[in-house]
Amino acid sequence: MSTGLMACTADEPAEPPPPPKPSIMVLMTDTITPASDIIWGVEDPQADEEWQVLDDAAVTLMETFAATRNGGGGPNDDGWADEAKFQAYIDQEVVALKQARAAIAARDLDGLFDAGGELYTPCEECHIDYNPGVAEEPY
Ligand code: HEC
């Protein structure tokens, strides 16, 4: 009896539960929006450090969009992530972000402006399909 009890106690290690996935909404507002603003707000970067800030933002965006591919903690997130159309918008973001990183590496400001435009289109189109309320809001 006491052995059984001990075994039972031993079987209850404090294994922390996995952290809950953030919702797509939180990723959008807390990470994707500020990182995109860095890319869209580019003026005239000169020093390597200034270009690095832009590249870091592009990498953050790639990682965060990649995370949205797997859904999230919001009520509709996993359903959206299952849709090919949703994934296709993320594919477009990845293409735009690769273009942005190539422009940053080449110190090509015009190329970065173009990539910023490519980055914007899927934001708008995906919101029209999946978050109609926000589609007309400027951000
Ligand atoms: C693949 C689809 C998709 C793409 C691409 C996308 N979003 Fe979103 N975004 C969403 C969805 C879905 C929501 C709403 C989430 C919810 O309602 O739970 C959202 C919500 C938002 C919100 C919050 C709006 C509100 O209602 O308060 C902001 C801000 C936002 N996105 C910014 C961006 C920016 C900036 C980009 C482009 C760099 C972008 N999003 C690209 C799907 C996308």
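A crossing counts as left-handed if the near helix is turned anticlockwise from the far one by less than a right angle, and as right-handed if clockwise. Helices here are DSSP runs of H or I with at least four residues, numbered from the N terminus.

Before you start: this is a predicted model, where local features need pLDDT of at least 70, side-chain atom pairs count only at pLDDT 80 or more, and totals for chains, interfaces and linings use all residues. Residues are numbered from 1 along each chain as its sequence is written.

**Exercise 1.** Work out how helix 3 packs against helix 5.

*Solution.* 
- Step 1: the axes of helix 3 and helix 5 come within 10 Å and cross at roughly 165°. Axes are lines fitted to C-alpha atoms, for helices over the stretch in contact, and angles run from 0 to 180 degrees between N-to-C directions.
- Step 2: helix 3 is therefore roughly antiparallel to helix 5 (the label for angles over 145 degrees).
- Step 3: helix 3 passes helix 5 in a left-handed crossing.
- Step 4: helix 3 brings residues including Trp51, Ala58 and Phe65 to the contact, and helix 5 brings Ile90, Leu97 and Ile104, among them. Two residues are in contact if their C-beta atoms, placed from the backbone, lie within 7 Å.

**Exercise 2.** Find which residues touch the most other members of the largest nonpolar core.

*Solution.* 
- Step 1: a nonpolar core is a set of buried Ala, Val, Leu, Ile, Met, Phe, Trp, Tyr and Cys residues joined through C-beta atoms within 7 Å. Buried means 20 or more other C-beta atoms within 10 Å of a residue's own; exposed means 12 or fewer, and partly exposed is in between.
- Step 2: of the 19 residues in this core, look at Ala58, Leu61 and Ala100, which touch the most other members.
- Step 3: helix 2 gives the largest share, six residues.
- Step 4: leaving out residues up to four places away in sequence, Ala58 touches Ile39, Leu97, Ala100, Arg101 and Ile104.

**Exercise 3.** Is arginine 107 buried or exposed?

*Solution.* 
- Step 1: arginine 107 sits in the loop between helix 5 and helix 6.
- Step 2: with 12 other C-beta atoms within 10 Å, arginine 107 is exposed.
- Step 3: check its backbone too: arginine 107 has a positive phi of about 55° although it isn't a glycine.

Notes
Helices (H or I, at least four residues) and strands (E, at least two) are DSSP runs, numbered from the N terminus. Angles under 35 degrees count as roughly parallel, over 145 as roughly antiparallel, 65 to 115 as roughly perpendicular and the rest as oblique.
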